[in-house]
Amino acid sequence: MASPPSSPSPNAKAPPPPPSPSVITDGAVSRTIPGAEAFAVHYPGYPSSPARAAQTLGGLPAIVKVRGSDPGARLELRFRPEDPYCHPAFGEPRISTGLVLRLSRSKGSTALPRAEVVARVRNAYHFEGMADFQHVVLVHAAEMRKRKRSECPNNKEDLCSGNEDVMMLVPPLFSIKDKPTKIALLPSSSALSKSMQRGVVQHRWEMDIGPTLALPFNINWEDHISKNSAEWGWQMAVCKMFDERPVWPRQSLYERLIDDGLQISQSQFKRLLFRAGYYFSTGPFGKFWIRRGYDPRKDPESRMFQRIDFRMPPELRNLPRKECRSEKWTEMCKLEVMPSKSFIFLQLFELKDDFIQAEIRKPSHQSTCSAYHN
């Protein structure tokens, strides 16, 4: 026979009642604010769902990792997480004194909704970076390949000239900074006297060529170097390279000279370049060295010497490497090794890819370059 339940002892203490939820009435918080804490994300857009918003922030594991790391760690947002070339936006953490509210109202009631405080907001992430145009990689590439295979049963894609794929080359960034930067312009070097220039470094004839809007091509380096010196042979080798091709990436040209047996330091190489060429700071040939007297903007064939941006996806930047040596330029152009830097410039002409080489050698429809940033 089951015994009846024992009655509670008169000396036993009853558990404390749960704290009553705090509510907001007429703009004032009454009762106790709960101890639960949360963080806020000021999302710079209108996501289709909370799940999609979390996905663009790297998913819940990535958010938890940021929250558990350094308090100043930024939250990374990619509007197209499926695109490895998507330029991210970064949310800066800031201290917040906000509250998370739960609004409720009885069905059919016309009274104001009841506001209940759920948690405190200690930190909030704000996205203040500049909006930027971005290159969108073709998302239907797999479907296009399937269609080409069905049209070419013997898998010879070179016979299917009717379907032209979009080149998946990443164009240059429209801006290299996430936030606006104040620039303090320095006075032009032409405003400085020659005596001041001599007081800093010994005046050389290379100083007379810049900075100018019209670059003089009539400066003859042969009048300033002895023919019996080693520097004469180095300069002739550089000029021979420019005769072979009018536009070169600096590292590519330097490694080519080293492979040919010339032992040149970086400082000596810089002087050789200034005597034989020049470069634009921006544009499709930006930072590439161009043969003196050659203007790529007036030559339609120069399109094959343009630069492209190569960006390493974040998931590939920290992969272990078998060798500690620095990668060679020719190996990167053959796509045999991954560059150690997350962002580099490559030249279309040097990439060992049949599709790219066929594209850049197609006949040009324009005689000059009409849009160019100097």
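E92 is partly exposed, with a relative accessible area of 23% (buried is under 20%, exposed is over 50% and partly exposed is in between, using a 1.4 Å probe and protein chains only). This is a predicted model, where local features need pLDDT of at least 70, side-chain atom pairs count only at pLDDT 80 or more, and totals for chains, interfaces and linings use all residues. Residues are numbered from 1 along each chain as its sequence is written, and side-chain values use heavy atoms, with hydrogens and water left out.

**E92 and its partner**

- E92 pairs with R74 in a salt bridge, with 3.5 Å between the closest N and O atoms (a salt bridge is a side-chain nitrogen of Lys or Arg within 4 Å of a carboxyl oxygen of Asp or Glu).
- That pair ties together distant parts of the chain: E92 sits in strand β5, while R74 sits in the loop between α2 (59-68) and β4, 18 residues apart. Helices (H or I, at least four residues) and strands (E, at least two) are DSSP runs, numbered from the N terminus.
- R74 is partly exposed too, at 38% relative accessibility.

- Two cavities of 30 Å³ or more turn up by the rule used here. On a 1 Å grid over the protein atoms alone, a cavity is a set of points where a 1.4 Å probe fits but cannot get out, and lining residues have an atom within 4 Å of a point.
- The second largest cavity has a volume of about 40 Å³, where volume is the space filled by probe spheres set on the points, and points are joined across faces, edges and corners.

**Strands around β5**

- β5 and β6 run antiparallel, joined by twelve bridges (two strands pair if DSSP finds at least two bridges between them).
- Here are two partners across that pairing: R94 goes with A124 in β6, and P93 goes with Y125 in β6.
- β4 pairs with β5 in the antiparallel sense as well, over three bridges, and L77 has A89 in β5 as its bridge partner.
- β6 (residues 114-127) also runs parallel to β3 (residues 37-42), with six bridges between them. In this pairing, V41 has Y125 in β6 as its bridge partner.
- A general point for reading strands: in a regular one, side chains alternate between the two faces of the sheet.

**Other salt bridges**

- The whole structure holds 14 salt bridges.
- Which residue does R52 pair with in a salt bridge? R52 pairs with E82, and their closest N and O atoms are 2.9 Å apart.
- R52 is in helix α1 (residues 50-56) and E82 is in the loop between β4 (75-77) and β5 (89-104), so this pair also links distant parts of the chain, 30 residues apart.
- R52 is partly exposed at 23%, whereas E82 is exposed at 54% relative accessibility.
- R303 bridges to E301, with the closest N and O atoms 3.9 Å apart. R303 is buried at 17%, but E301 is partly exposed at 42%.

**E255 and its surroundings**

- E255 lies in helix α6 (residues 250-259) and is buried, with a relative accessible area of 13%.
- A network of salt bridges links E255, D259 and K328.
- What does E255 touch, leaving out residues up to four places away in sequence? E255 touches E327, K328, W329 and T330 (contact means heavy atoms within 4.5 Å).
- A polar atom of the E255 side chain is 2.9 Å from the backbone nitrogen of W329. A polar contact is a pair of N or O atoms within 3.5 Å; within protein, one must be able to donate a hydrogen and the other to accept it, and residues adjacent in sequence count only if both atoms are side-chain atoms.

**Two loop residues**

- K287 has a positive phi of about 75° although it is not a glycine. Most residues other than glycine have a negative phi.
- K287 lies in the loop between β8 (277-278) and β9 (289-291), and K287 is partly exposed at 45% relative accessibility.
- R292 lies in the loop between β9 and β10 (307-311), and R292 is buried at 14% relative accessibility.
- The R292 side chain reaches the backbone oxygen of F274 at 2.5 Å, and a polar atom of that R292 side chain lies 3.4 Å from the backbone oxygen of R275.

Definitions and conventions:
On a 1 Å grid over the protein atoms alone, a cavity is a set of points where a 1.4 Å probe fits but cannot get out, and a pocket is an open set with protein on both sides within 12 Å along at least five of seven lines; lining residues have an atom within 4 Å of a point.
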